[in-house]
Amino acid sequence: MKTKFTLTSNRAFYTFLGLTAIVSLLLSALFVGLRANVIVEDLVKETNETQAQLAVNNLTQYLESRKQILSDLSLHPIIVNGAMGTGLSAAKLRDFMRSFQIIGREEKLMVINVLGDVVYANFDSHEVLDQKPKWLDKVINAELGSAIDLAQVGNLHYFTIAVPIYYNGFAEGALIGEFSTSLESLLSSSSSTSFHSIGLKGRWINFSNTQKVETYFSVSSLDVGSTDLVLDYRVDKSQVTDEVKRFVWDLIGAIAFGLFLSFGLLYLFGKQLLLNPFKKLEESRTTLKRSEERFKLAIFGSDDGLWDWDLERNAVFYSDRFKSLLGFSQETQALFSAHISSLFDRVHPADLPNLENSIKFHMTEEEPFGVECRIKTRQNSYRYFWLKGAAALKDGQAKRIVGSLSDITDQKLHQEALKKAKEQNDLLAQAIECANVGITIVDATKPELPIVFANKTFQQITEYGDEVLGKNCRFLQGEHTQQQALDEIREAIIAHEFVKVELINYTKSGKAFWNSLQISPVFNEQNQLTAFVGIQQDITAAVEAKKELEQAKQAAEQGAQAKSEFLASMSHEIRTPMNGVIGMLSLLEDERLTQTQLHKVSLAMGSAKSLLNLINDILDFSKIEAGKLELESLDFDVRALLGELVESVALQAQKKGLELILDVTQLEKPLVQGDPSRIRQIITNLISNAIKFTEQGENHHPSLVQ
């Protein structure tokens, strides 16, 4: 029996080896079992913290960019005037909002005024208003700078962002956007439905993509940028439990294998060999490798370029998307070296100091920074970018800076276009206000055609103020307003045509005035009537002046008529005795007279006939004014006519001591054709005036007939 239980040294050694292996295996299993849960949880947390940070970055960029766009849009004068209900028609607001896109997408937008009425919505506004959100009144009254809510549609959730609309520092309403990208799609690259859960909490949001929150444990809780949201990234506890079990069994197996191998080697090669009882954990390497692959996929799927600056090694990792945003293709990305100078050398010189100062300041701050700068692409053209980054601190010093790069050129150009449009609208509004005619705009989309705008000149003409807004223009009509003009206006409005009329309108105080009114229809791009523009001008003074001119014309015509009648009457009364004188002189010529007496009678006869012609001319004066004077065409001896004229005025010249000479040497044709009476009258007047205004000397009258 003693020989049976006696252990040789070799057996004792091998027994010791066996017992040591068993004890080592049991102790290792106990130790691993106690620490496995903590180790695996730490590994899972470290593995998923990057995904949690990526999810937060995606949400931060998505929410802050759209909130900023809505805030900028709420300052646009078209939006402000639309919310205030003045200065702009609802049709123009719809036209502006219909073509507006947010980062290349047409989103659901709604404008609510301070009374809570929907001014504009490109979707069913009851989707939001029927929920009676608590934040709505607070945003409308500017108690909140913004509100972010989450609406559920089916199995998906969509963000709703609301910002107040200000005018001169006062709240005038709210601009609300409901965005078409679901929260699930934003988080799809950062979570798995089978092993991960994400919670999102805020003042108005309490979201979780799972109902069994107790079956998950939190990996990381991170703030979503400057919003009031906190993202809780969770991992399924069952996954951790399974990982712990696999880890324990794998580790026990590894230890057992190691011990077996070690003791086998000891058994084979002797006691002198010392074996390492530890083996690297293949499972941990596999897990880390899988995490790295997921991180690379997340970087590849992001629209933004990512950069990671290792300050200790002074090396920078630039993602492929980062390089492609700067114009580097897959074939030329190797030219973009992994150094910070590759980025700084391309920043516009005017923007580089601001970028460097921001990075230097945040070397000791944990808060992320964002800088707008111009960066030169590989095509040597500058584009606008938004460069973001956050420093990872250790002992108060930055060890690395991680950030993203977003191309905001299109957004910048759009903002500049909005600014230019605002300046043009302000200029147009100023021109309308300074116009010296009244201008009104009515909404043609409503049957009552209410006034939506009236400039200062209209208010000066009509004495009405802003109380006319929302009313029809009928308040200008009164007792003496012409019905015919109103009919013309009504027919033009029905036919959507231009019309211009002059009619009597009344001011607020009841004073009548003449209004020169022009009404022009306004059509949109679809040739749909949207408004009527009215131009009013007070022409009361011009109408009264026209009436006075007509009255003066009538009075002048009546005076001319009376004068003509008087002249005709007087000429007739004088012509009767003159005819008697001429008749008696004719009888006297038939008597036996001496040559001298006959010559004198002839002179008297010529003068009497001239006087009779003058009387006839007075009678013809009325004909001249009426344009009815007729000239005779008779053959007569011009020499005889001139001789009689000179003899008839010779006595007048002799009395003033003047010599009167009639020169007919150049008169080649004595017989001419014309109106002798008119010629006699003209020459008589000329000679009489010559004698009248000549004090001494002679009057020489050459005669020339052609």
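Start with cysteine 473. At 27% relative accessibility it counts as partly exposed, because that class lies between buried (under 20% relative accessible area) and exposed (over 50%), computed with a 1.4 Å probe on protein chains only. Then select cysteine 373, which counts as buried at 1% relative accessibility. A disulfide is a covalent bond between the sulfur atoms of two cysteines. How many disulfides does the structure hold? The number is zero, where a disulfide is taken as a pair of cysteine sulfur atoms within 2.5 Å.

Before moving on, note that this is a predicted model, in which local features need pLDDT of at least 70 and side-chain atom pairs count only at pLDDT 80 or more, while totals for chains, interfaces and linings use all residues. Residues are numbered from 1 along each chain as its sequence is written, and side-chain values use heavy atoms, with hydrogens and water left out.

Helices (H or I, at least four residues) and strands (E, at least two) are DSSP runs, numbered from the N terminus. Two strands pair if DSSP finds at least two bridges between them. Strands of a sheet pair through backbone hydrogen bonds, either parallel or antiparallel. Here five strands make an open sheet with antiparallel pairing, in the order β11-β10-β14-β13-β12. Because β11 (315-318) and β12 (369-376) are at the edges with a single partner strand each, one side of each has no neighbour in the sheet. From one strand to the next, the twist averages 25°; axes are lines fitted to C-alpha atoms, for helices over the stretch in contact, and angles run from 0 to 180 degrees between N-to-C directions.

Zoom in on β10 (residues 305-310), which is joined to β11 by four bridges, the two running antiparallel. Aspartate 308 is opposite phenylalanine 317 in β11.

Move to strands β15 to β19. Five strands form an open sheet here, with antiparallel pairing and the order β16-β15-β19-β18-β17. Its edge strands, β16 (451-454) and β17 (499-506), each pair on one side only. Direction ignored, neighbouring strands of this sheet are turned by 25° against each other on average. Eight bridges link β17 to β18 (residues 512-523) in the antiparallel sense. Which residue in β18 is the bridge partner of glutamate 502? It is serine 516. Helix α15 (residues 483-495) lies across β17, β18 and β19 (529-538), at about 135° to β17.

For a loop, select alanine 142, between α6 (135-140) and β3 (147-153). Its phi is near 60°, a positive value in a residue other than glycine. Alanine 142 is partly exposed, with a relative accessible area of 25%.

Finish with helices α18 (residues 638-655) and α19 (residues 676-692), which pack at an angle of about 30° with their axes 10 Å apart. That makes α18 roughly parallel to α19, because angles under 35 degrees count as roughly parallel, over 145 as roughly antiparallel, 65 to 115 as roughly perpendicular and the rest as oblique. To see where they meet, show side chains including Leu641 and Leu645 in α18, and Ile679 and Ile683 in α19.

Technical notes: Contact = heavy atoms within 4.5 Å.
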